[in-house]
Amino acid sequence: MSDGKNGLKTGRTENGQFAPGNAGRPKGARHRTTRAVETLLEGEAEGLTRRAVELALGGDTTALRLCIERICPVRKDSPITFTAPEMNSASDAAQAIGKILEQVAAGDLTPDEAKSIAALVETYRKALETQELEARISALEGAK
């Protein structure tokens, strides 16, 4: 390791790369600014929360939005009830996609929900296809 500016050890080699075992900041280490902010706020969470609630109740719309977002955050995903045909082979995926399209056309699934389900069907199809290919290769190797 070479000395950096001001004679400090930098953990770097002569060409400026990190030396083995010195890959920069240790895992879990926090930035100096983050640590300073945490120190300033230490023990203040309850008071700050109380003040935000008081401002919200007093009509401050920004504080109100902040409080509501913490009480009931935006829902990112929800369970979907969907009856899919049984998939035993990769070719069954086409039937499953057809069923998804029918559900979208009927208004039972949103296009975004259908997209998520179709991605799952495609992943499952690939797994089934891989399984089928492995079985065929094993059969061919066994015939030799």
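Helices H4 and H5 run roughly antiparallel to each other, because their axes cross at an angle over 145 degrees, the cut-off for that term. The axes come within 10 Å and cross at roughly 175°; they are lines fitted to C-alpha atoms over the stretch in contact, with angles running from 0 to 180 degrees between N-to-C directions. The residues that make this contact (heavy atoms within 4.5 Å) are listed here.

| Helix | Residues in the contact |
|---|---|
| H4 (residues 92–105) | Ala93, Ala96, Ile97, Ile100, Val104 |
| H5 (residues 111–143) | Ala114, Ile117, Ala118, Val121, Arg125 |

Nine of these residues are nonpolar, none is polar and one is charged, with Ala, Val and Ile counting as nonpolar and Arg as charged.

A word on the model: it is predicted, with local features needing pLDDT of at least 70 and side-chain atom pairs pLDDT 80 or more, while totals for chains, interfaces and linings use all residues. Residues are numbered from 1 along each chain, and side-chain values use heavy atoms, leaving out hydrogens and water.

Now to the whole chain. It has five helices and zero strands, taken as DSSP runs of at least four residues (H or I) and at least two (E), respectively. Of its 144 residues, 15% are buried, meaning under 20% relative accessible area with a 1.4 Å probe, protein chains only. The chain exposes about 12,000 Å², and carbon and sulfur atoms supply 55% of that.

The mean pLDDT (confidence per residue, from 0 to 100) is 83 for the chain, and 90% of the residues score at least 70. Confidence is lowest in helix H1 (residues 32–41), with a mean of 86, and highest in H5, at 91.

How values were computed
Buried means under 20% relative accessible area, exposed over 50%, partly exposed in between (1.4 Å probe, protein chains only). Accessible areas come from the Shrake-Rupley method with a 1.4 Å probe; for residues, only the protein chains shown count as cover. Angles under 35 degrees count as roughly parallel, over 145 as roughly antiparallel, 65 to 115 as roughly perpendicular and the rest as oblique. pLDDT is the predictor's confidence in each residue, from 0 to 100.
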